[in-house]
Each structure stands twice: as structure tokens, then as C-alpha cells.
Amino acid sequence: MDSTASDGSDTSRFEAGRNRLASLAYRLLGSAADAEDAVQDAFLHWQAADLQLIKVPEAWLTKVVTNLCLDRLRSAQARRERTAGAWLPEPLLDGDPMLGPADTFEQRESVSLAVLTLIERLTPIERAVYVLREAFSYSHAEIAEILDVTESASQQHLHRARRRITTARRAGGEVDPASARRIVEEFLSAASSGRTERLVALLADDVIAISDGAGLAEKLLRYDTPQRVAAVARAGFKPTPAKQRLAGGTSAVHYALVNGASAILFVVGDQVVGAVTFDIADGKIATVRGIAAPTRLIRITEAWRQHGPDTPLISQW
């Protein structure tokens with residue numbers, strides 16, 4: 001076999017696992033752009049390696065990507081960005097390969113915006129153990145090999161990670177999709193029409209709303225209590241010329257699934273200019289996240305452009 005054919009075969013072997021590697025990196029980093037960069041860096045390592053010495057390519061690449069992500073998480077720049085109070089996970093439209101695997105509840109939950117946010121509270125090594133075990137079902141022996149730790153250390157890191165996430169996580173399992181959509185549509189109707197009492201009735205007593213301020217605020221904007229969240233929703237969902245100028249035109253408002261949860265997207269032309277996601281527990285809205293920073297909406301816009309046409313909830317907002 002000549003070198004050209006060999007290079008093509010080696011590239012094909014890498015590309016066959018690219019989506020799995022990207023989904024691993026996304027869970028670790030919470031950013032699609034950073035995940036793509038990590039996978040591309042892994043490809044450069046792959047090209048430079050003596051592949052004849054690599055007995056199990058999948059395991060080797062998993063180790064490389066995981067450690068590249070850990071290096072990013074430990075960097076001074078990442079610590080500054082993530083401790084500045086302005087970080088939110090990047091939302092992905094359902095069907096995006098970065099959201100896989102999604103066969104079990106644990107796998108689907110591990111890529112929810114709620115869990116991606118809670119993972120921020122873990123140390124990098126705890127995060128890696130949690131993702132490798134919960135989302136990819138690696139054994140502790142395999143995780144120990146990937147992270148260069150002992151099996152007992154892997155078990156201890158997982159125990160601490162599960163405890164910290166469980167303590168902070170909202171109770172409840174998966175939500176019936178039809179019920180979730182109905183609640184979100186009622187929220188949109190009440191917010192856009194200014195029906196405060198109906199809004200408050202849809203919200204959990206300990207509801208939290210978080211907004212990135214369209215990337216204009218230095219820190220995330222946070223609101224609690226049903227009354228405060230209802231007031232912010234009424235103001236936020238009221239269209240104004242200033243909001244339309246900021247968005248670049250008149251938006252259509254669509255229902256969508258984002259990271260497995262109900263969401264509404266504000267779309268101008270074929271550009272997603274805002275996403276509002278909802279965590280629902282016990283029939284009430286527990287968390288609302290507003291994401292409008294353009295850098296967080298690049299990949300979801302690309303996916304939306306491939307999305308089949310649907311009827312918007314509001315055709316002109």
C-alpha cells in the first residue's frame with residue numbers, strides 16, 4: 001500500500017470516531033466550538049503518532065481528547081472565563097451529533113444544560129471521571145488508564161462528583177414531551193400578553209431565571225422568586241423597536257428541543273438570535289435560561305438551517 005492510500009485509511013479511521021470524540025469533548029467543555037478545537041488537536045496528534053504502536057485506536061483517542069480538554073479546563077484563561085460569572089453552556093439543537101450517545105436517561109441527562117452547568121462545580125478530574133462513567137459507561141479500570149490514576153481514585157472522584165451534582169440538582173426524572181410543550185406554550189402566551197398571574201402560576205416556588213444579557217453584560221443576570229421572574233419575562237417578551245434592531249429584524253418564535261429540553265427560539269431569516277430553555281419539574285417551570293450572545297448561537301444556527309420547516313408559535317415578534 002502506498003503512503004497516499006495509507007494516509008487516507010488513517011484519516012478514515014479517525015473520522016469514524018469523530019462524532020463520539022466531539023460529544024465527549026462537548027460534555028467536558030460545555031462549548032461546541034472548544035470541543036471542535038479539541039478534536040482537531042487530537043487529529044494532529046493522530047497524524048503525528050506511530051499508528052502501528054497504537055493497539056486500540058478508540059482508547060488512545062479517548063485518552064488524548066480527554067487530556068486535551070483537561071488542559072483547557074486547567075488553563076488560566078479558562079479559569080478566568082468560567083469564574084467571571086458570565087459562562088453558560090452552548091445550546092445545541094436536538095439531533096446534533098454532539099449530543100450523543102443518548103440511549104439511556106443518564107446519557108441524555110449528562111448533556112442537559114442543567115447538568116452541564118452543575119458540572120462546572122466539579123474539579124477537572126472529577127468532571128472527566130463523571131462524564132466517562134455516566135455518559136460513556138467506561139469501567140473504573142479504563143478510566144484509570146485514560147486519566148493515569150488508580151481505580152480507587154477513580155471511584156472516589158465519581159462518588160464526590162455524583163454527590164455534588166445530586167445535592168444541587170432538581171428532583172424529578174424525564175418530563176412528558178407533550179406536557180412540557182404545553183407548559184412552554186402557556187408561558188409564552190402569558191408572557192407576551194402580560195398575564196402576570198398566569199405566569200406566576202406556571203413557575204415553581206424556587207424558580208430561577210438566568211440570562212447572558214445577549215452578551216452585553218459582564219456577568220450573568222439572575223432572578224429568583226416567581227414574581228421577579230414573571231416581571232422579567234413580561235418585559236423580556238414584549239417586542240420593542242430596540243430589541244428588533246438588536247436582533248437584526250423581526251423574529252419568528254419557534255418551539256424546539258435544545259439539549260433534550262423544551263425551548264423557544266427567536267429566528268430572524270435563517271439566523272437564531274436567541275434561545276430560551278426551560279427545565280420543568282413536577283409540572284412547573286423550575287429554571288429559565290436566556291441565551292442570546294452571538295458566539296453561543298453559531299452551531300445552533302447552522303443546525304437550524306438544516307431543520308425542516310415548521311409552523312412558528314409567533315410568526316412576527
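**View 1. Strands β5 and β6 run antiparallel and pair over 7 bridges.** This is a predicted model, where local features need pLDDT of at least 70, side-chain atom pairs count only at pLDDT 80 or more, and totals for chains, interfaces and linings use all residues. Residues are numbered from 1 along each chain as its sequence is written, and side-chain values use heavy atoms, with hydrogens and water left out. Strands (E, at least two residues) and helices (H or I, at least four) are DSSP runs, numbered from the N terminus, and two strands pair if DSSP finds at least two bridges between them. Look for V276, which stands opposite G290 in β6. The hairpin of β5 and β6 has 2 residues between the strands, and D282 takes a positive phi near 55 degrees there.

**View 2. Strand β6 also pairs with β1, in the parallel sense over 5 bridges.** Here L203 faces I285, a residue of β6. Is β6 mostly buried or exposed? Of its 8 residues, 7 are buried, so β6 is largely enclosed by the rest of the structure. Buried means under 20% relative accessible area, exposed over 50%, and partly exposed in between, with a 1.4 Å probe and protein chains only.

**View 3. Six strands make an open sheet in the order β2-β1-β6-β5-β4-β3, with mixed pairing.** At the edges are β2 and β3 (252-258), each of which pairs on one side only. From one strand to the next, the twist averages 20 degrees; axes are lines fitted to C-alpha atoms (for helices over the stretch in contact), and angles run from 0 to 180 degrees between N-to-C directions. Strands β4 and β5 run antiparallel and are joined by 6 bridges. In this view, V268 stands opposite Q271 in β5.

**View 4. F266 and W317 form an edge-to-face aromatic pair.** Their centres are 5.0 Å apart, with 70 degrees between the planes. The two residues come from distant parts of the chain, 51 residues apart: F266 is in strand β4 (residues 261-268) and W317 is in the segment after α15 (298-305). Both F266 and W317 are buried. Rings of Phe, Tyr and Trp (its six-membered ring) pair if their centres lie within 6.5 Å; planes under 30 degrees apart count as stacked, over 60 as edge-to-face and the rest as tilted. By this rule there are 7 aromatic pairs. One aromatic cluster takes in F187, F237, F266, F278 and W317.

**View 5. The second largest pocket has a volume of about 890 Å³.** A pocket is an open set of points on a 1 Å grid over the protein atoms alone, where a 1.4 Å probe fits, with protein on both sides within 12 Å along at least five of seven lines; lining residues have an atom within 4 Å of a point. Grid points are joined across faces, edges and corners, and the volume is the space filled by probe spheres set on the points. Among the 36 lining residues, S211, A214, G236, G290 and A292 are the closest to the pocket's centre. Which strand gives the most to this lining? That is β5, with 6 residues. The lining has 25 nonpolar, 8 polar and 3 charged residues, where Ala, Val, Leu, Ile, Met, Phe, Trp, Tyr, Cys and Pro count as nonpolar, Asp, Glu, Lys and Arg as charged, and the others, Gly among them, as polar.
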